[in-house]
Amino acid sequence: MQTTVFCANDSEKLAAAGALLRGGGLVAIPTETVYGLACSAFRPEAVSRVFAAKGRPSDNPLIVHICELSQLSLLWAEIPPEALRLAEAFWPGPLTMIARKHPSVPDEVTGGLDTVAVRFPSHPAARAVIAAAGVPLAAPSANLSGSPSPTSAAHVCRDLSGRIEMILDGGDCDFGVESTVLDLTRTPFAVLRPGSVTPEMLRSHIPDVITDPAVLRPLAEGEAARSPGMKYRHYAPNCPVIALSGPGAGSAQYIRANRREGDAVLCFEEYLRTFADCPSVSYGREKDAADLARGLYASLRLLDGGGHARIFAQCPPLSEEYLAVTNRLCRAAGFHILHLDEKGAEL
Ligand code: TXA
Ligand code: MG
């Protein structure tokens, strides 16, 4: 299959993407978080093609994307009143909410669950494509299963060229990590995947929102995942990753004392020069959670496939502000995480 890449600013191409999607085609679209691989949520055969193109396990459900609140009633059996409050505060934007599904949502979308995750993206091209398609769009991140999520059209090309009809290039994504996923089907409401909308921000509207414990630790044996995505290692580099959480000065010292020939470093920008003598990539400024999130996946892609023995990753301290980045690094490290003080000693 030939994959064509178009500029996401071109309104004719957005209309063409909408027609393609209505007809059951697959189009990768930019969003403010990461690129998504979109299809009509109401065409089961197109949804199945999305799973095939990504190599995604069929029990891992997709998020459905809307461009107006009136579309919620097509997707949810009932609209929880709290959802409307949160929509008012955070939509359009990087928040996904899960509620009981409407019977007409195909099982292919939800992986057989009786719930469906919905998001209203803020990216103008994403909204324009949904509007042009005239239907809600199911869209997982537009990467091969197991690769870091794509934050540029070039990343999507590398993973999915030849497997999908069209890619819309909207430049680099603003946030760089996937949306916050909030489950409204059980109380207390729980964040199943941290993103740029932090638990603290959610609590200023719904006071008792919690973070699911499986966000920062592996599932115990026999423990049921509240989100199927928790069962899967999102991004599995070919070599071990060791996440070093704590002040940058401490993790830098730990890396210098423990690294061996063949190891690589994923570091804060402030430390890049000090690792000039080994393969090293910086992903953002230490104290800037948004900068780190924006750079994380592109940096992991740069390190990937480099034939490194191990990757040491400087990781921010555990706090809600940095939860999205810490969660992604913990998962890349298979939860192999060391907590260090400012001298590089293990806590
Ligand atoms: O920012 C984002 O959310 C991006 C862009 C493209 O919108 N999308 C994205 O989709 O990250 P995906 O498929 O890569 O991740 C969706 C996550 C998975 O971990 C999945 O298990 C979880 O959301 N999920 C989806 N529907 C669910 C449901 N009904 N119940 C529990 N978890 C669900
Ligand atoms: Mg994904």
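Let me start with arginine 285, which is partly exposed because its relative accessible area is 37%. Partly exposed is the range between buried, under 20% relative accessible area, and exposed, over 50%, with a 1.4 Å probe and only the protein chains counted. This is a predicted model, in which local features need pLDDT of at least 70, side-chain atom pairs count only at pLDDT 80 or more, and totals for chains, interfaces and linings use all residues. Residues are numbered from 1 along each chain as its sequence is written, chains are lettered from A and ligands numbered from 1 in the order in which they are written, and side-chain values use heavy atoms, with hydrogens and water left out.

Back to arginine 285. What does its side chain meet in a salt bridge? The partner is aspartate 288, at 2.8 Å from N to O. A salt bridge here is a side-chain nitrogen of Lys or Arg within 4 Å of a carboxyl oxygen of Asp or Glu. Aspartate 288 has 24% relative accessibility, so aspartate 288 also counts as partly exposed.

How many salt bridges does the structure hold? There are 16. I will take two others.

One joins lysine 231 to aspartate 59, with the closest N and O atoms 2.9 Å apart. These two residues belong to distant parts of the chain, 172 residues apart: lysine 231 is in the loop between β11 (210-211) and β12 (241-245), and aspartate 59 is in the loop between α2 (44-54) and β4. The helix and strand labels are DSSP runs numbered from the N terminus, helices being H or I with at least four residues and strands being E with at least two. Lysine 231 is partly exposed, with a relative accessible area of 46%. Aspartate 59 is partly exposed as well, at 30%.

The other salt bridge is between aspartate 159 and arginine 301, where the closest N and O atoms are 3.1 Å apart. Aspartate 159 sits in helix α7 (residues 153-160) and arginine 301 in helix α10 (residues 289-303), so this pair ties together parts that are 142 residues apart in sequence. Buried or exposed? Both aspartate 159 and arginine 301 are buried.

Helix α10 also holds alanine 290. Alanine 290 has a relative accessible area of 41%, which means partly exposed. From alanine 290 to serine 122 there are 168 residues in sequence and 17 Å in space, C-alpha to C-alpha.

Next, the ligand. Which residues are closest to ligand 1? They are Thr33, Asn60, His65, Ser179 and Arg193, out of 25 residues that surround the ligand; a residue counts as near if one of its heavy atoms lies within 4 Å. By type, this shell has 11 nonpolar, nine polar and five charged residues. For that count, nonpolar is Ala, Val, Leu, Ile, Met, Phe, Trp, Tyr, Cys and Pro, charged is Asp, Glu, Lys and Arg, and the others, Gly among them, are polar.

Oxygen atoms of ligand 1 have polar side-chain atoms beside them: one of threonine 33 at 2.7 Å, one of arginine 56 at 2.9 Å, and one of asparagine 60 at 2.5 Å. On its own, ligand 1 has 680 Å² of accessible area, and the protein covers 96% of this. Such areas come from the Shrake-Rupley method with a 1.4 Å probe; for residues, only the protein chains shown count as cover. Two elements give two or more residues to the shell, β4 (63-65) and β6 (115-119). The largest share, three residues, comes from β6.

Histidine 65 lies in strand β4. Histidine 65 is buried, because its relative accessible area is 5%. The histidine 65 side chain reaches the backbone oxygen of isoleucine 63 at 3.3 Å.

Last, two leucines. Leucine 69 is in the loop between β4 and α3 (72-75), and is partly exposed at 40% relative accessibility. Leucine 14 is in helix α1 (residues 11-22), and at 10% relative accessibility leucine 14 counts as buried. Leucine 14 is 58 residues from leucine 72 in sequence, and the two are 23 Å apart in space, C-alpha to C-alpha.

Methods:
A polar contact is a pair of N or O atoms within 3.5 Å; within protein, one must be able to donate a hydrogen and the other to accept it, and residues adjacent in sequence count only if both atoms are side-chain atoms.
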